[in-house]
Amino acid sequence: MISEKGLYGLTAGVITTGALQPFENVKMALMISPKDLKTTSNFLTNFARAAEYINRVDGWKGFYKGLVAATQKAALGCYIYFSILRHLEGDDESQTRSRNFMASSMARIASTILTNPLSIIETRFELADFH
């Protein structure tokens with residue numbers, strides 16, 4: 001059984017991950033700064049320096065480290081989330097806020113647990129070569 005809503009979520013996850021992966025790698029460079037990355041107290045300066053560092057060390061490919069694992073994680077996670085959410089919501093028009101909250105929470109928990117191994121792989125790729 002393939003969920004139509006799950007496929008929409010999968011597609012959105014793939015597109016947004018591809019678009020946002022460079023920011024994820026800059027974030028990693030700022031969180032775990034390489035020794036030769038000089039940071040200041042100014043966020044914009046640090047962001048620019050981290051992006052420059054990634055470009056200098058790995059070129060444009062450095063911004064996409066971990067993209068395959070991140071895309072797989074996002075695609076699977078969004079598919080699981082929306083499939084479970086739609087299943088739990090059912091076709092009942094009289095949804096309550098608490099029932100919606102519980103359905104959303106259960107779908108997010110299942111998605112997070114099932115995609116956690118991919119999160120670890122993604123992070124290892126993103127941190128590769130940061131010393």
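In the predicted model, Glu122 is placed in helix α4. This residue is buried, its relative accessible area being 5%, a value that falls under the 20% limit for burial. The side chain of Glu122 forms a polar contact of 2.9 Å with the side chain of Lys73. Beyond the neighbours within four places in sequence, the residues in contact with Glu122 are Gln21, Glu24, Gly66, Ala69, Ala70 and Lys73. Two of these partners, Gln21 and Glu24, belong to the part of helix α1 that meets α4.

The packing of these two helices was examined next. Helix α1 spans residues 4–31 and helix α4 spans residues 97–127; their axes come within 10 Å and cross at roughly 70°. Because angles of 65 to 115 degrees count as roughly perpendicular, α1 and α4 are assigned to that class. The crossing of α1 and α4 is right-handed. On the α1 side, the contact is made by Gln21, Glu24, Asn25 and Met28, and on the α4 side by Glu122, Thr123, Glu126 and Leu127. Classified by residue type, the contact of α1 with α4 comprises 3 charged, 3 polar and 2 nonpolar residues.

Helix α1 also packs against helix α2, which covers residues 43–58. The axes of α1 and α2 come within 9 Å, with a crossing angle of roughly 105°. Helix α1 is therefore roughly perpendicular to α2. From α1, the residues making this contact are Phe23, Asn25, Val26, Ala29 and Leu30, while α2 supplies Phe43, Asn46, Phe47, Ala50, Ala51 and Ile54. The contact of α1 with α2 has 9 nonpolar and 2 polar residues, and no charged residues. Asn25 of α1 is listed in the contact with α2 and also in the contact with α4.

Asn46 lies in helix α2 and, with a relative accessibility of 10%, counts as buried. When neighbours within four places in sequence are left aside, Asn46 is in contact with Leu30, Thr39 and Thr40; among these, Leu30 is one of the α1 residues that make the contact with α2. The C-alpha atoms of Asn46 and Phe63 are separated by 16 Å, the two residues being 17 residues apart along the chain.

Glu89 lies in helix α3, which consists of residues 67–89. With a relative accessible area of 18%, Glu89 is classed as buried, since the limit for burial is under 20%. The side chains of Glu89 and Arg86 are joined by a polar contact of 2.8 Å. Residues up to four places away in sequence not being counted, Glu89 touches Gln95, Arg99 and Asn100.

Ala110 provides another position in helix α4. Its contacts, leaving aside neighbours within four places in sequence, are with Ile80 and Ile84. The C-alpha atoms of Ala110 and Gly77 are 8.7 Å apart, although 33 residues separate the two along the chain.

Conventions. Residues are numbered from 1 along each chain as its sequence is written. This is a predicted model: local features need pLDDT of at least 70, side-chain atom pairs count only at pLDDT 80 or more; totals for chains, interfaces and linings use all residues. Side-chain values use heavy atoms; hydrogens and water are left out. Axes are lines fitted to C-alpha atoms, for helices over the stretch in contact, and angles run from 0 to 180 degrees between N-to-C directions. Helices (H or I, at least four residues) and strands (E, at least two) are DSSP runs, numbered from the N terminus. Angles under 35 degrees count as roughly parallel, over 145 as roughly antiparallel, 65 to 115 as roughly perpendicular and the rest as oblique. A crossing is left-handed if the near helix is turned anticlockwise from the far one by less than a right angle, and right-handed if clockwise. Contact means heavy atoms within 4.5 Å. Ala, Val, Leu, Ile, Met, Phe, Trp, Tyr, Cys and Pro count as nonpolar, Asp, Glu, Lys and Arg as charged, and the others, Gly among them, as polar. Buried means under 20% relative accessible area, exposed over 50%, partly exposed in between (1.4 Å probe, protein chains only). A polar contact is a pair of N or O atoms within 3.5 Å; within protein, one must be able to donate a hydrogen and the other to accept it, and residues adjacent in sequence count only if both atoms are side-chain atoms.
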